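Walk me through this fold. Start with the sheet, then take the helices, then the charged pairs.

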Amino acid sequence: MIGKTLPFPAYRLDRKASGKYYLFEYVLKGEGKMCVGGKWQTVREGDLMFFDKSDDQLYRADRADPFMKIWISFSSDYLGHMLEAYRVKTGVYRVDVKNVFENLFALSGSGGIFSDSFFVFADGVHKIVTEIASSVYSE
């Protein structure tokens with residue numbers, strides 16, 4: 001599934017680990033905070049928040065400048081193996097994937113569940129994961 005969160009100062013998510021869904025959140029503008037390993041980190045325009053399915057999903061919008069973001073929630077054994085192989089962990093990443101998120105959102109029409117576009121969607125998620133992995137290995 002994919003969707004867009006519009007700026008809302010009181011927006012927050014406090015979801016316990018599902019063991020099912022990975023969550024990618026790309027910040028288009030504004031700011032917020034994400035909790036990783038018990039520590040809150042600021043996220044801004046151009047940041048990508050990633051949550052592994054085994055981690056709690058905790059974040060909130062900044063009250064003065066709330067973020068707008070595109071999110072992707074995805075469940076797949078293949079994705080799990082790819083994330084493990086690339087050693088991608090829950091965290092905030094600075095990667096250039098804005099166009100990928102925008103293209104996938106546009107492809108989804110109203111932001112609902114993909115049907116005929118599964119392979120295009122999977123390719124987009126793969127690009128996002130490889131960009132995250134590249135940023136980790138280049139540090």
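What follows is a short tour of the model, element by element.

This is a predicted model: local features need pLDDT of at least 70, side-chain atom pairs count only at pLDDT 80 or more, and totals for chains, interfaces and linings use all residues. Residues are numbered from 1 along each chain as its sequence is written, and side-chain values use heavy atoms, with hydrogens and water left out.

Begin with the sheet. Helices (H or I, at least four residues) and strands (E, at least two) are DSSP runs, numbered from the N terminus. An open sheet is built from 5 strands in the order E1-E8-E3-E6-E9, with antiparallel pairing. Two strands pair if DSSP finds at least two bridges between them. E1 and E9 (91-94) are the edge strands, each pairing on one side only. Direction ignored, neighbouring strands of this sheet are turned by 20° against each other on average. Axes here are lines fitted to C-alpha atoms, for helices over the stretch in contact, and angles run from 0 to 180 degrees between N-to-C directions.

Now look at E3 and E8. These strands run antiparallel and are joined by 7 bridges. Tyr 22 has Phe 74 in E8 as its bridge partner. Helix H1 packs on the sheet and touches E3, E6 and E8, and its direction makes about 75° with that of E3. Contact means heavy atoms within 4.5 Å.

Stay with E8 for a moment. Ser 73 sits in this strand, which spans residues 68-74. Ser 73 is buried, at a relative accessible area of 17%. Buried means under 20% relative accessible area, exposed over 50%, and partly exposed in between (1.4 Å probe, protein chains only). Leaving out residues up to four places away in sequence, Ser 73 touches Met 1, Tyr 21, Tyr 22 and Leu 23.

Turn to H1, residues 77-86. Its buried residues are Leu 79, Gly 80, Met 82 and Leu 83. The arc is that of the directions from the helix axis to the C-beta atoms. An α-helix has 3.6 residues a turn, so residues three or four places apart point the same way. What do the buried residues of H1 pack against? They meet strands E3 (22-29), E6 (47-51) and E8, and also helix H3 (118-137). The face turned away from the buried side carries the exposed residues Asp 77, Tyr 78, His 81, Glu 84 and Ala 85. At the start of H1, a side-chain oxygen of Ser 76 comes to within 3.1 Å of the backbone nitrogen of Tyr 78. Just after H1, Arg 87 takes a positive phi of about 60°.

H2 covers residues 98-107, and Val 100, Phe 101, Leu 104 and Phe 105 are buried there. They cover an arc of only 130° around the axis, which puts them on the same side of H2. These buried residues pack against E1 (2-5), E3, E6, E8 and H3. On the face turned away from the buried side, Asn 99, Asn 103 and Ala 106 are exposed.

Finish with the charged pairs. Side chains of opposite charge can pair when their charged atoms come close. The whole structure holds 5 salt bridges. A salt bridge is a side-chain nitrogen of Lys or Arg within 4 Å of a carboxyl oxygen of Asp or Glu.

Take Glu 25 and Lys 69. Their closest N and O atoms are 2.5 Å apart, in a salt bridge. The pair links distant parts of the chain: Glu 25 is in E3, Lys 69 is in E8, and they are 44 residues apart. Are the two residues buried or exposed? Both are buried, and Lys 69 has 0% relative accessibility. The side chain of Lys 69 also makes a polar contact of 3.3 Å with that of Tyr 59. A polar contact is a pair of N or O atoms within 3.5 Å; within protein, one must be able to donate a hydrogen and the other to accept it, and residues adjacent in sequence count only if both atoms are side-chain atoms.

Another salt bridge joins the side chains of Lys 16 and Asp 56 (3.8 Å, N to O). Lys 16 lies in the loop between E2 (12-15) and E3, and Asp 56 in the loop between E6 and E7 (57-61), so the pair ties together parts that are 40 residues apart in sequence. Lys 16 is exposed at 62%, whereas Asp 56 is partly exposed at 32%.
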